[in-house]
Amino acid sequence: MVDTHRFAKEAQDTAIIMIRINEITDVVSTYIDDPDLDLIRRAYVFSARAHEGQVRLSGEPYLSHPLHVAKILADMRLDEPTVAAGLLHDTVEDTDATIDDIAELFGEEVADIVDGVTKIGMMDFESKAIAKAENIRKMILAMAEDIRVLMVKLADRLHNMSTLDFQKNYKQLLIAQETLDIYSPLANRLGLYMVKRDLEDLCLYYLKPDIFQNITDGLERQHTLGKEYVDKVLGLLQDVLKSNELTGSIYGRTKHKYSIYNKMVRQGLELDQVHDIIAFRVIVDSVKECYAVLGLVHSMWMPIAGRFKDYISIPKANMYQSLHTTVVGPEGERIEIQIRTAEMQKVAEYGVAAHWQYKESGTSASKQNRDAERFSWLRQIMDWQRELEDPREFMSSLRFDLFNDEVYIFTPGGDIQELPDGATPVDFAYSIHTDVGNHCTGAKVNGRLVPLTTALKNGDTVEIFTDKKRKPSRDWLKFVKTAKARTRIKHYIRTEERERSIRLAKEMLEKEGRRMNLNVPKAIKDGYFVMLADEFSCGTVDDLLSNVGYSRITPRKILRRLYAVINNIEGEEEVPDVHPAQTPEEKDKDKAKDIGNAIEIEGVDNVLIRFAGCCTPLPGEPIIGYISRGRGVAVHSATCPNVKNLEEERLLNVSWSGGQEEASHPAQISIRCKNIKGLLAKICSILSDQDVNIDSGTFRSDVDGISLLEFTVEVRDLGHLHRALNKLKTLDAVLETTRLS
């Protein structure tokens, strides 16, 4: 029986123990000379009074939570204002305290951190998803001002995850998934390995408890069986250092459970097939000695090609530095070895917290500016988030950016651009400048011309060619990897399509307006369309016109209202509705619109609906809608091969409305048959008996005596078509009947 509660129980037993304020101040005193402990104690007293009488779901006093958060921040070696903010972080959200109270009693610095962590509780949102996205967006904005906001939020999330077993099951899953999607990658970006490790392992426990327990049991078995092997490797490494007169500490550590699970999924392995579960670490005194040890390791054991990474020459964005190599060690086992200095080890464990310098001289603003310079990735997030009005799209882009590993690409001048793994020359172009990306025509990588879809590798030198006449292509969205490139491309396309839709709307309105004796350009100039924009709840005239161009509002609806306004008519029943002679194209459109009346679109009304010409769906089969530019909603069969190439954000849930039993729908069929006299007449007779009308057809015969007949027929629904095709198969001369798309 798998013990699915053991891990959480151990974490909770630790979390439930009430921490005393002296434990926190004692830790702070170990790394700050002459610390302002009075600030921390006053914050403790304020928090205790504010949360008095409140309890957590576990039954413990609520004060235990801010105390644990403050202790985590102290263990991360953060400054006194941050530890104080940890004690106060929930007072504004959960008590009567205000940000002004915090500022007055503890200063603006502490108040700003608390404000950045506080959720947006007073605003109304359409859904919980939007509210959650806005909370994350606010935190990102606050991070740009002071990175300590994220430190407090991560400590808060880490303690909440350790007591998550007291939440309902569905909340456990939601919180764990959000943690894995957002907070763990953010901890990684800050270089907070210990926080990242604990968050990910807790997430794995709640999201996949069986897998977590299997890995735990497997590691316990391997620890017992593999101790002799680990001791052997450690001894060999100690010997090689000693024989070359190098001093250093060497130890092995087991990789954390989530990283092992990730490797199993990524490489399709079982646990007993994962060989490099133990990573060996060599800590030496200098960078020179790091490279010396690397040479000795490679001379002793064969390195595996492609598994060496030099993060000392090119550090990660979170300041992480180390040499990584994987070699074939004793007994043919793969082992990973990391080589770094003591200072690098400190950064690897504590990340940005290891470099905290808020005690140094200088203004708070200048210190925050230095932090902003240190985190280029945060500037990039801030850059593209301003263009994303929809918070859900912001969340999607944030996840996209946070999860990717980095590669370092050089400009021809030798400058370094940090990009996600798998980035392309188009991503590189947009990282240089938006105009460079928008007008990118080609690229050279290491002096050779390459396609724009080429995945860049660490250390590549890239040169971009531009042409002012070139515009971003929608196809670029299929291969770019950075959120900045995606948002810039989408913004350009949307702007261009909006302008196109406005032009189309003016053309349609002017054409229809002439039939109703309305001068649309003059009406726009005279300001009538400003009134119409307000009536139709559109912000501006351009917004109104773009809605017409996108077929969200019909031209006739606008023109009838315009006629009423110009002629001071109260009731629209007095407005003339002109029905001019239709062209064949307009008749086809009306026919498609009539057929579209059989369709219901989730959350959308009064939109022009037509069937896509590529698949001609029939009632009874699954369908999906797609918002086309200027032509309303096109309805495809859900199995249409063209659907996978459509933009996901413009797809709609649609369904058949019913009551269409007597309506006719077009369908294409193919019949392979023997070329026998009179067979065509029999086929037509069967179709007629099945109440299937033939609109048109083509016929082709091969020299081998086989004919191919293709018809466009009218049927009521999918079942009607299948019954007719099955009836045709009863003819001995008919070899095959199929429906065509």
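Is Asp 38 buried, partly exposed or exposed? Asp 38 has 44% relative accessibility, and therefore counts as partly exposed. On this scale, buried means under 20% relative accessible area, exposed means over 50%, and partly exposed is in between, with a 1.4 Å probe and protein chains only.

A word on the source: this is a predicted model, in which local features need pLDDT of at least 70 and side-chain atom pairs count only at pLDDT 80 or more, while totals for chains, interfaces and linings use all residues. Residues are numbered from 1 along each chain as its sequence is written, and side-chain values use heavy atoms, with hydrogens and water left out.

Let me stay with Asp 38. Its side chain meets that of Arg 42 in a salt bridge, at 3.0 Å from N to O. By salt bridge I mean a side-chain nitrogen of Lys or Arg within 4 Å of a carboxyl oxygen of Asp or Glu. The structure holds 20 salt bridges. Asp 38 and Arg 42 are both part of helix α3, residues 37-50, and stand four residues apart, about one turn of the helix. Helices here are DSSP runs of H or I with at least four residues, numbered from the N terminus. Arg 42, at 34% relative accessibility, counts as partly exposed.

The next pair is Glu 178 and Arg 157, whose side chains form a salt bridge of 2.9 Å, N to O. Glu 178 belongs to helix α11 (residues 169-189) and Arg 157 to helix α10 (residues 148-162), so the pair ties together parts that are 21 residues apart in sequence. Both Glu 178 and Arg 157 are buried.

A further salt bridge joins Asp 475 to Lys 478, with the closest N and O atoms 3.5 Å apart. Here Asp 475 counts as partly exposed at 45% relative accessibility, whereas Lys 478 counts as exposed at 62%.

Salt bridges can also be linked: Asp 79, Glu 109 and Arg 148 form a network of them.

Where is Glu 108 found? Glu 108 is in helix α8, and its relative accessible area of 54% makes it exposed.

Thank you for your attention.

Technical notes
Helix = DSSP H or I, 4+ residues; strand = E, 2+ residues; numbered from the N terminus.
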